[in-house]
Amino acid sequence: MSTPDIHGIIGYTVTPFGPNGEGLDLDALGHSIDRMIDAGVHAIAPLGSTGEGAYLSDAEWDQVAEFSIRHVAKRVPTIVSVSD
């Protein structure tokens with residue numbers, strides 16, 4: 001497996017929640033990812049420096065990471081943040 005060329009503009013996604021702050025809004029996340037890619041970012045970084053990753057449950061974190069990787073679909077590299 002080759003390592004992707006990481007360069008240029010890396011779009012950090014914000015993890016959206018429903019109207020009352022409950023539950024992930026994966027449709028909104030997908031829309032955000034598409035808009036960034038359409039605008040020309042060179043990579044997508046879910047759960048990055050936007051800060052909310054530390055406050056998600058393990059299940060929510062997994063959902064965001066898996067959804068983001070699937071939704072980006074290798075259009076650009078995906079860099080999933082890992083911190084604890």
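Predicted model: local features only at pLDDT ≥ 70, side-chain atom pairs only at ≥ 80, totals over all residues.

Biologist: Is T15 buried or exposed?

Modeller: Buried means under 20% relative accessible area. T15 is therefore buried, as its relative accessible area is 5%.

Biologist: And which side chain makes a polar contact with the side chain of T15?

Modeller: Leaving aside residues up to four places away in sequence, T15 touches L24, L47, E52, L56 and V64. A polar contact of 2.6 Å links the side chain of T15 to that of E52.

Biologist: Now for α1: how far apart are its end C-alpha atoms?

Modeller: Let's check it against expectation. At 1.5 Å a residue, the 14 residues of α1 should span 20 Å, and this agrees with the distance between its end C-alpha atoms, 20 Å.

Biologist: What do the buried residues of α1 pack against?

Modeller: The buried residues in α1 are L29, G30, I33, M36 and I37. They cover an arc of only 130° around the axis, so they sit on the same side of α1. On the other side, D27, R35, D38 and A39 are exposed. The buried residues pack against β1, β2 (43-45) and α2.

Biologist: Last one: which residues touch the most other members of the largest nonpolar core?

Modeller: That core has 13 residues, and α1 (26-39) and α2 (58-72) are the elements giving two or more residues to it. V72 touches I33, I37 and I44, among others. The residues touching the most other members are I33, I37, I44 and V72.

Note on methods. Residues numbered from 1 in each chain as written. Heavy atoms only, no water. Core = buried A, V, L, I, M, F, W, Y, C linked by side-chain atoms within 4.5 Å. Buried < 20%, exposed > 50% of the residue type's maximum accessible area, 1.4 Å probe, protein only. Helix = DSSP H or I, 4+ residues; strand = E, 2+ residues; numbered from the N terminus. Contact = heavy atoms within 4.5 Å. Polar contact = N/O pair within 3.5 Å; in protein donor to acceptor, adjacent residues only side chain to side chain. Expected span 1.5 Å × (residues − 1). Arc of directions from axis to C-beta.
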